[in-house]
Amino acid sequence: MASSDGFSRRQIFKTSAALGGAVAAAPLLSACGSGKAATKESGVAAKSAVQAVLPTYKASTAVTPDIPSVSGANGSASDPAFLSYPASPPKSVTGAVGSGGSYQAVSPLWGSVPAPGNSYYTAVNQALGATLTDSPSDGNNYATMLATRFASGNIPDWLDVPGWNVSAIQNFAEGVDKYFKDLTPYLAGDKVLDYPNLAAIPTGGWQAAVWNGKLYGIPLWTSAATIPGALFYRADLFKAAGVDASAIKSADQLKAAGKQVTVPAKGQYAFDDLGMYLYQLFNVPANNGRTGWKRDSTGKLVNGYEMPEFLEMLSFASSLAKGGLIHPDALAGDSSKAKNRFWAGKTVITGDGSGSWNKGDSQSGVAANPGYERQAFKVFAFDGGTASMPLYPSAGMFSYLNKKLSDAQVKELLRIANYLAAPFGSAEYLIARYGKEGVDFTMTDGAPILTDQGNKDVTDTLDQLANCQAVTFNSGYNQITKDYAAWQADMAQHAYKPMFYAMNISEPSQTAKASTALEAVITDVRMGRKSVSDYQSALTTWQNSGGNQLRDFYEGIAKQYGTGN
């Protein structure tokens, strides 16, 4: 969300419930409710078919970041970073954009709905040479709205569909073909080069926008370094306790440091509930916010739940709880105040989405504790061995064009999308994200700052239809940008694509109950209320009541369509 502190939201799916929490799931659906391997018409496309429809990637040269992107392992790359907005923003779009067309759009909004026809919308439409009218819908109830529209066929010209809302839409894979325009003829391969700013969107985002072997979606908030999250620590409190974070390279060392910074008499505990953020540490494969799959030494497909490392993880988490190192409120399941506990120094180590490391976090932390400093541990493995970080799909939100649009209308909307996807630092980005200078925003200390009018009118609406790749920018807090960029560049060196990476798959609905029951036991074990042996018993139940069915389901997909990685 564009805000008065001068930066826009980094990838909504990096953080939960519209910022700063666990990663939200990328889109997962196909017509596979029976648990049988899907056909090519069902929403799981073969890897070769996916590659054939992907747009050619061509990085934008319109703006040079202060800290360039760093290439990592397995196609990952850190986000470009900026220390200030260019004083003379260059243009990234040439020629006319719109042709005078008028279009209706619907996108999610977490916040107050701005007045229609306001100064921001007017400025953008004037720049576009078209009329784009967005009717934002409450993001918290967006899935219900989408399901209703799909049931009735009431689809606007341009529709945002968050990946985590897809499961609420019955037969979405069929609906994609029925309601949305196939963009393959317009954007596949070098065809996207007619829209340079769309061509600059990382390939991984487009991969997750493929349904039924065709390219339908325009990816949003795309990054080549989307991950489950990170383990953060209070650097100021580590320093006060004489703990060197750089020396922590195993789970045992992390626990030992936790003992050093736990002071119950002061209400200070080492850990909040680390939850799924321990997956990376214990090399448990993760995919789209849940345990993933891998093959063992015999070639058998095994779930993260079944790996020996998962037991190691549960044993470690339980020892933290039983050892008095986790804050009592976290043990009680109160996650709503996790950030407040971290800001106040009541917890010293926490797990969070990588998007939580920003200017706003620093301001909140300093308000609670003047010495506040957030840092993230470099990626390490629980046993001190080779560290790894599973990548999530590069995009988790997508916008779609109505199938009824004519060829000329589609091309006009793609030119508009190209404008809205202008790179950070460009002249078009300022208009698309901030409106009219002097009315909606002013440039202050090298950053666009919303005016009082801008704070009323400029919200996450039009940038939920198309936007550029994620960047890191914290106006006036350059050290945070530098620290995050360096950490992300290092993290990317350990990245890998888990099995079924960025593939649009829905699991058989009848297996969900078994997984939910197992997760409840996992929580009790992590919190020290049940034993690891209780988990092992629950795991057997999961395997017999759904897990083995899931294994067969994924084996069928792997054999017929590949694994996406």
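Reader: Which residue in strand 14 is the bridge partner of Ala230?

Author: This is a predicted model, in which local features need pLDDT of at least 70 and side-chain atom pairs count only at pLDDT 80 or more, while totals for chains, interfaces and linings use all residues. Residues are numbered from 1 along each chain as its sequence is written, and side-chain values use heavy atoms, with hydrogens and water left out. Strand 10 (residues 230–234) is joined to strand 14 by four bridges in an antiparallel arrangement; strands (E, at least two residues) and helices (H or I, at least four) are DSSP runs numbered from the N terminus, and two strands pair if DSSP finds at least two bridges between them. Within this pairing, the partner of Ala230 is Asp352.

Reader: Which residue of strand 15 stands opposite Tyr233?

Author: Strand 10 also pairs with strand 15, in the antiparallel sense and over three bridges. There, the residue opposite Tyr233 is Gln375.

Reader: How many residues of strand 10 are buried?

Author: Buried means under 20% relative accessible area, exposed means over 50%, and partly exposed lies in between (1.4 Å probe, protein chains only). Ala230, Phe232 and Arg234 point one way from strand 10, Leu231 and Tyr233 point the other way, and all are buried. Strand 10 is thus mostly covered, and its buried residues number five of five.

Reader: Which helix gives the most to the lining of the second largest pocket?

Author: A pocket is an open set of points on a 1 Å grid over the protein atoms alone, where a 1.4 Å probe fits, with protein on both sides within 12 Å along at least five of seven lines; lining residues have an atom within 4 Å of a point. The second largest pocket holds about 690 Å³ of space, and among its 40 lining residues the closest to the centre are Tyr57, Ala200, Pro202, Ala224 and Gln469; the volume is the space filled by probe spheres set on the points, which are joined across faces, edges and corners. Helix 1 (47–53) and helix 7 (203–207) each supply at least two lining residues. With three residues, the greatest contribution comes from helix 7.

Reader: How many charged residues does that lining have?

Author: Asp, Glu, Lys and Arg count as charged, Ala, Val, Leu, Ile, Met, Phe, Trp, Tyr, Cys and Pro as nonpolar, and the others, Gly among them, as polar. The lining of the second largest pocket has 20 nonpolar and 18 polar residues, and its charged residues number two.

Reader: Is Asn358 buried or exposed?

Author: Asn358 lies in the loop between strand 14 (347–352) and helix 14 (359–368). Its side chain reaches the backbone oxygen of Gly355 at 2.9 Å, a polar contact (N or O atoms within 3.5 Å, one able to donate a hydrogen and the other to accept it; residues adjacent in sequence count only if both atoms are side-chain atoms). Not counting residues up to four places away in sequence, Asn358 touches Asn474 and Ile480, where contact means heavy atoms within 4.5 Å. Because its relative accessible area is 16%, Asn358 is buried.

Reader: What distance separates the C-alpha atoms of Val379 and Asp490?

Author: Val379 is in the loop between strand 15 (374–376) and strand 16 (389–390), and it counts as buried because its relative accessibility is 10%. Beyond four places in sequence, its contacts include Gln280, Met491 and His494, as well as Asp490. Val379 and Asp490 are 111 residues apart along the chain, yet their C-alpha atoms are separated by 8.0 Å.

Reader: What is the relative accessibility of Gly384?

Author: Gly384 also lies in the loop between strand 15 and strand 16. Leaving aside neighbours within four places in sequence, Gly384 is in contact with Lys249 and Ser250. Gly384 counts as partly exposed because its relative accessibility is 48%.
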